[in-house]
Amino acid sequence: MWDNLQLLFVWAPIINVQVILDGIFVGAVFALSAYGLALVWGVMNIKNLAQGDFVIMGGYMALALHQLHVPLVLILLIVMPVMFMFGWIVYVLMIRRIIDQDMFVSLLATFGLSLLLQQVMNLIFGPEVQTIDMELPVYDAFDNMVTVPSSKLITLILAGVIATGVIIFMKRSRAGQAIRATAQDPRAARVLGIDIDRVYAFTFAFNAALCGAAGVLVSIIWVIQPFYGITYSVRSFAIVTAAGLGNLPAVIGAGFGIGLFEKYTGAILGTAYEVAAPVSILLLVLIWRQIQMRRNRQVVR
Amino acid sequence: MTMTRDTKVTYGLLALFGIFGPILFPDYTLSIAYLWMMVLMASTWDTLGGQMGYNSLGNITFFGVGMYVSAIVQITFFYEGGVGEYTSAMGSIKPEFTQAEYFWGLGLGILAAGVVGLVLSVIFSSFMFGLRGPYFAIGSLGLAIAVAEVTITIDYVGGASGISMPLFPGDIEFRSTFFYILCFVLTIISHFLLRWLYSTQFGLAINAIRDDEDKAEAMGIPTLAYKRIGWAIPAFFMGCIGAVAGNMAGFIDKEVAYPIPTFGIFMVAMALLGGKGTLWGPVLGAIIFHVIKEATWTYLLNLQWVALGLILIINIVYFQQGIMGWFEGVSKSYGGVKANVDITMGVERGSITGIIGPNGCGKTTLFNSIVGYHPIDSGSIQFDGQEISHLLVGDIARLGMLRTFQQTRIYGKMNCVDNMQISVSHREDSKFSMFASRRGEIKDRAEHLLEFVGLYSKRNLISGDLSFGQQKLLEFAMALMNEPKALLLDEPTAGINPTLINGLIDRLRRANEELGITLCVIEHNMRVIMNLASHIYCLANGHMLADGTPEELQNDQRVIDAYLGGH
């Protein structure tokens with residue numbers, strides 16, 4: 001650990017650039033799935049623990065499509081609608097029945113869904129760690145100390161495009177408006193004739209599509225494995241807890257923050273802490289929120 | 001602790017099964033031992049989750065820590081080289097423990113595991129109980145994952161490669177019988193301890209915390225202390241049973257000690273399946289779940305995990321009331337009070353009709369039945385010649401009949417204009433209008449209507465920041481925005497200052513005359529209703545007492561006795 005610290009801050013501070021860049025690349029992806037979670041949580045009060053498994057699912061779809069030589073942009077255009085439909089089906093079969101229930105039921109049911117998805121993916125794709133190699137050029141900077149694969153740049157741009165699309169959609173469209181209205185007071189929305197059930201189904205499906213997009217990007221810049229989903233769920237929860245519901249800029253900020261934290265933890269402590277890092281940041285965020293709330297004589301609820 | 005006859009019979013049957021099960025089916029001894037272990041896990045989980053309402057996904061932590069603690073104690077006391085040497089040998093050392101050494105070590109190990117679990121839970125309590133609801137559940141899950149990850153970085157206890165438990169000094173049959181008895185006895189002890197606890201003040205207090213912790217706190221209940229104990233008891237037993245399970249397994253590593261996706265989630269599912277918050281629910285749920293699990297394990301090899309995931313989802317989504325819930329549901333549903341009986345009333349198109357009556361006479365219930373919140377037991381409700389008594393709230397709203405609420409319901413985080421814009425009529429919606437962009441004329445109309453109710457100058461303020469009276473005006477304007485044919489208003493003047501009330505009466509009348517909206521108004525303010533309505537119905541005790549013009553009602557002796565006279 002000491003060696004790594006020295007390397008980072010004394011001998012070759014330029015490596016920091018690499019760590020920060022990597023943190024930004026993964027942070028953008030985290031923010032996408034976290035925003036989906038915030039949406040579903042805020043609108044229908046469902047805490048989706050299968051969030052990360054939706055991400056991994058999108059990743060495997062991308063992997064399968066890539067093996068059929070489908071170009072990247074087309075992969076996104078296929079995966080997102082497919083995940084959207086999948087989300088809609090999950091809503092109809094499962095989420096609809098637990099929506100008015102105790103919050104814990106939604107946690108547990110989606111945890112069950114998460115286990116199921118993991119096992120099915122494990123049966124289909126096997127337990128190996130896989131990734132998509134786009135075979136795109138890699139740029140070097142600072143005497144080869146910093147490498148920036150163009151695939152990562154492309155994913156960052158794509159994440160930006162998707163996020164912008166989501167913002168415009170939520171602000172401008174009737175559906176976005178209906179979603180926000182339902183989030184604030186479903187009963188009033190229903191009285192005024194908004195079809196709540198459709199809004200919920202749409203929201204959940206939309207979230208699945210966002211996760212799917214995040215998964216496509218993850219499979220390009222990182223690795224996927226059937227059981228990696230839970231770490232994405234944990235990250236999403238940490239981000240939403242830190243940023244609050246329905247605050248997109250804060251979600252993006254927290255996403256980058258967690259990306260940076262993880263990359264620095266990895267650089268300093270080593271890769272053995274890969275799983276521990278997002279979990280410990282979740283606990284830290286929860287404790288920090290409690291201290292913050294206690295100052296206002298409140299609890300985190 | 002008095003017991004009913006049923007309870008005694010149940011205990012008798014369980015005791016018979018517990019004693020004769022392994023004798024009759026010796027091949028299944030360990031499987032039944034695991035069943036008792038599941039009963040213990042589900043029951044103790046329920047203390048925190050079901051009885052106290054703190055749904056933990058991390059109780060498995062104490063189980064795993066208990067395993068490791070027990071291993072450390074057993075090896076440290078009776079192996080000279082200590083744990084470090086033992087683990088660094090990677091299982092090549094198999095010290096022969098005498099029976100005395102082994103059983104003493106195990107006894108001390110179980111006790112130590114329980115105590116460490118308890119201490120750990122108290123430490124967790126210090127930073128976990130400021131979290132409520134989902135945050136506690138997620139936090140405890142994070143805690144479990146974190147402790148598991150930390151454990152595998154500690155080389156002292158074998159790190160990622162795990163640690164072998166001391167060999168059992170005896171043959172296989174003796175071994176399984178011994179562990180069976182341990183599991184059975186521990187389960188019995190935990191069951192009767194919990195049974196006693198739930199009958200004490202403690203049981204009441206944790207139930208109070210579950211139902212309304214703020215209220216409990218406000219009543220002076222030392223909630224944190226109760227919560228600490230409520231977690232320490234499960235933690236103690238989870239530690240003990242972990243120590244036993246570790247010795248049963250013979251070898252422990254991260255997967256054995258912290259089975260988060262299996263035992264960790266099974267115990268919750270069992271408690272839910274049986275019925276949470278009851279003494280018997282978790283026991284029942286554990287028995288049923290364990291049988292199903294063993295069956296899938298035997299008959300669905302390779303797919304057993306998929307099958308379990310499905311069972312879990314089906315269990316939670318469709319049977320979350322639990323089996324105990326079925327018994328309770330039947331008796332509860334017959335306890336209703338009849339709020340409205342044989343009410344016949346008509347509202348003429350384009351008129352203003354009033355409804356009056358003492359508090360609790362069923363006026364709001366009547367509204368709820370009309371706009372579709374409550375089902376009606378018999379009778380008919382028609383709107384515009386169409387039967388609507390079977391329609392849902394949203395359908396009725398889209399037909400053009402809206403209501404406002406006694407307590408205002410607005411979108412508190414949006415500004416007034418946005419509140420208005422989202423309130424447009426959905427009568428002519430098509431499939432794609434969800435995605436339509438906002439039109440300029442809608443905004444104009446929104447602002448016009450805000451001016452109509454006198455909120456134009458506040459139009460860009462966040463609606464939640466408005467005063468209660470202004471929020472009522474906003475809600476009225478939102479209802480108008482929807483261009484309803486009929487509008488049901490629940491006490492529109494409650495909470496509005498007296499000088500504004502005249503303006504409101506004027507606006508209601510103008511909405512009726514200029515926009516042609518039929519109004520039906522619940523009102524306590526006699527001056528308002530007598531001025532406004534052309535026809536008034538008076539309800540009392542859920543019955544229709546009288547109806548007529550304002551003058552007729554004011555002179556009706558029954559109305560005066562029930563309502564207007566007031567003494």
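A: Happy to! Let's start with one pair: I536(B) has G548(B), a residue of β10(B), as its bridge partner. Please keep in mind that this is a predicted model.

Strand β9 of chain B covers residues 535-540, and five bridges join it to β10(B). The two strands run antiparallel. Here is some background: strands of a sheet pair through backbone hydrogen bonds, and the pairing can be parallel or antiparallel.

Which sheet do these strands belong to? It is an open sheet of six strands in chain B, with the order β6-β7-β8-β3-β9-β10. The pairing in this sheet is mixed. At its edges are β6 (401-403) and β10 (543-548) of chain B, each of which pairs on one side only. On average, neighbouring strands of the sheet are turned by 15° against each other, if direction is ignored.

Next, look for a helix that lies on these strands. Helix α16 of chain B, residues 363-371, lies across β3 (352-356), β6, β7 (486-490), β8 (518-522) and β9 of chain B. Compared with β7(B), this helix runs at about 150°.

Let's step back to chain B as a whole. Chain B has 24 helices and ten strands. Its C-alpha atoms fill a box of roughly 100 × 55 × 50 Å along the principal axes. The radius of gyration of chain B is 33 Å, whereas a compact globule of 567 residues would have one near 24 Å. Buried residues account for 45% of the 567 residues in chain B. If you take the contacts in chain B between residues at least 6 apart in sequence, 74% of them join residues at least 24 apart.

For another spot in chain B, find T296(B), which sits in helix α13 (residues 280-299). Setting aside neighbours within four places in sequence, T296(B) is in contact with Q304(B), A307(B) and L308(B). Take A307(B) from that list: it is eleven residues from T296(B) along the chain, and their C-alpha atoms are separated by 7.0 Å.

Finally, meet the partner chain. Chain A has twelve helices and two strands, and along the sequence they follow the pattern α-α-α-α-α-β-β-α-α-α-α-α-α-α. Its radius of gyration is 20 Å, close to the 19 Å that the globule rule gives for 301 residues, so chain A is as compact as a globular protein of that length. The C-alpha atoms of chain A fill a box of roughly 65 × 55 × 40 Å along the principal axes, and 53% of its 301 residues count as buried.

Where the chains meet, 54 residues of chain A are in contact with 52 residues of chain B. Several helices of chain A each supply at least two residues of the side that touches chain B, among them α4 (72-98), α5 (103-125) and α12 (276-295). The helix that gives the most to this side of chain A is α5(A), with 13 residues. Sorted by class, the side of chain A that touches chain B has 34 nonpolar, ten polar and ten charged residues.

How values were computed:
Residues are numbered from 1 along each chain as its sequence is written. Chains are lettered from A and ligands numbered from 1 in the order in which they are written. This is a predicted model: local features need pLDDT of at least 70, side-chain atom pairs count only at pLDDT 80 or more; totals for chains, interfaces and linings use all residues. Helices (H or I, at least four residues) and strands (E, at least two) are DSSP runs, numbered from the N terminus. The radius of gyration is taken over C-alpha atoms; the globule rule is 2.2 Å times the number of residues to the power 0.38. A residue is buried if 20 or more other C-beta atoms lie within 10 Å of its own, exposed if 12 or fewer, and partly exposed in between; C-beta atoms are placed from the backbone. Two residues are in contact if their C-beta atoms, placed from the backbone, lie within 7 Å. Ala, Val, Leu, Ile, Met, Phe, Trp, Tyr, Cys and Pro count as nonpolar, Asp, Glu, Lys and Arg as charged, and the others, Gly among them, as polar. Two strands pair if DSSP finds at least two bridges between them. Axes are lines fitted to C-alpha atoms, for helices over the stretch in contact, and angles run from 0 to 180 degrees between N-to-C directions.
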